[in-house]
Structures are given as C-alpha cells and as structure tokens.
Amino acid sequence: MANSDLDLLQTALKRRWSRGPSQKAKPYVHAFSAAERRGTKITAKVVGNHGTYTVSIQGDTQGVTSACSCYIGKHGYCHHCEALAITFLADPSAFQAVKRKQVKDVRQLTDVRAYLNSVTLDTLLTQLKAKGITQKAFAEQIGMNTRHLAAIKSSELRHHYFN
Ligand SMILES: [Zn+2]
C-alpha cells in the first residue's frame with residue numbers, strides 16, 4: 001500500500017514537472033533538509049534568499065498541490081516547489097517515510113500523542129461522534145466553550161494544508 005502512494009506521487013510529480021530544473025530552481029535541487037514523505041505528501045526545508053522555507057507537495061489522482069513559505073509560494077508552484085519535486089524524483093529514498101498513525105495502532109499512551117498529532121480536530125470529532133460523543137460533550141469534557149471549539153476546527157481546516 002505504501003508503494004502505491006509512492007507510485008502515485010511520482011507519477012503526479014512527473015506529469016507536473018516534466019522538464020529539467022529551471023535556472024531559478026537549479027540552486028535548490030538537492031539542497032533540502034528534513035525531507036519527509038507521509039503517504040503521498042512530501043515536505044522539506046530549504047534555505048532561500050530570505051530565510052529557511054518549508055516546502056510541501058501533495059500528489060493525488062487529480063495532480064499535485066504544492067505550498068511554500070516563501071513570499072511567492074503561498075499558492076505553491078514556486079521554484080522551491082519545482083526543486084523539491086526534482087530532488088524527490090531523483091532519489092525518493094532520501095525522503096524519510098513517516099507512517100501515519102491509525103487508530104488501530106494506538107496501544108500505549110505515547111501512541112495517543114502521536115495519533116493526535118496526525119489527525120485534524122475535525123477527524124477526531126468525527127470519530128468521537130461515531131462513538132456517540134458529540135462535539136458539545138467533548139467541548140464540555142475538556143472545559144472549552146463549544147463555539148471556541150468550532151472556531152478552532154474551521155480555522156484548522158482552512159490551514160490544514162500547512163500542517
Ligand atoms: Zn518558494
């Protein structure tokens with residue numbers, strides 16, 4: 001299953017960045033650190049002209065979505081994204097594969113934290129709801145006002161891509 005994620009991502013990246021690196025992207029190819037892959041998403045850091053940028057690309061059957069923390073990369077497709085794609089295609093094994101925690105993998109207390117870090121609040125609330133715990137009950141449990149919880153949830157969904 002992990003390999004099909006890898007195939008899907010590679011295919012999507014090749015389709016979007018089929019040519020060699022542009023002049024602007026060239027200096028950043030193979031210059032990334034903290035390179036990781038979670039399923040069909042890759043993230044890495046690169047030192048640019050104005051600091052260190054976090055660059056990410058997510059592949060799916062429709063194509064790719066990318067993002068970068070540089071000033072032109074907010075909606076992705078900047079030269080850092082291009083360089084990341086080329087770096088990854090050249091050597092996917094240089095990206096550390098991070099397994100997404102599944103509920104069934106949660107066995108110990110430390111797993112709970114890793115699991116919570118890997119899901120959105122929205123997913124967590126959906127799962128609690130399936131167990132009969134409403135959003136309101138959850139909010140009361142943790143001593144939070146339900147409107148505040150709903151606001152966090154929608155803000156998280158808007159920014160989820162950058163998590
Ligand atoms: Zn960028």
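Mentor: Quick definition to start: two strands pair if DSSP finds at least two bridges between them. Keep in mind that this model is predicted.

Trainee: Okay, so what makes β1 and β2 a pair?

Mentor: Set the count against the cut-off. Strand β1 (residues 33–38) and strand β2 (residues 41–48) are joined by 4 bridges, and at least two are needed, so they pair. They run antiparallel. As for individual residues, Glu36 has Thr43 as its bridge partner in β2.

Trainee: And what sits between those strands in the hairpin?

Mentor: There are 2 residues between β1 and β2, and Gly39 in this hairpin takes a positive phi near 60 degrees.

Trainee: How do you know that β1 also pairs with β5?

Mentor: Same test. β1 and strand β5 (residues 96–97) share 2 bridges; the rule asks for at least two, so that counts as a pair. This pairing is in the parallel sense. Glu36 turns up here too, with Gln96 as its bridge partner in β5.

Trainee: What makes Leu84 a contact of Val55?

Mentor: Contact requires C-beta atoms within 7 Å. Leu84 touches Val55, along with Phe32, Ile42, Ala44 and Ile57, leaving aside residues up to four places away in sequence. Leu84 and Val55 are also among the residues with the most contacts inside the largest nonpolar core, which has 25 residues.

Trainee: Which elements give two or more residues to this core?

Mentor: α1 (2–16), β2, β3 (51–60), β4 (63–68) and α2 (79–90). α2 gives the most, with 6 residues.

Trainee: How far apart do the centres of domain 1 and domain 2 lie?

Mentor: Domain 1 covers 3–97 and domain 2 covers 103–158, and their C-alpha centres lie 30 Å apart.

Technical notes: Residues are numbered from 1 along each chain as its sequence is written. This is a predicted model: local features need pLDDT of at least 70, side-chain atom pairs count only at pLDDT 80 or more; totals for chains, interfaces and linings use all residues. Domain bounds come from an automatic or database domain assignment. A nonpolar core is a set of buried Ala, Val, Leu, Ile, Met, Phe, Trp, Tyr and Cys residues joined through C-beta atoms within 7 Å. A residue is buried if 20 or more other C-beta atoms lie within 10 Å of its own, exposed if 12 or fewer, and partly exposed in between; C-beta atoms are placed from the backbone. Two residues are in contact if their C-beta atoms, placed from the backbone, lie within 7 Å.
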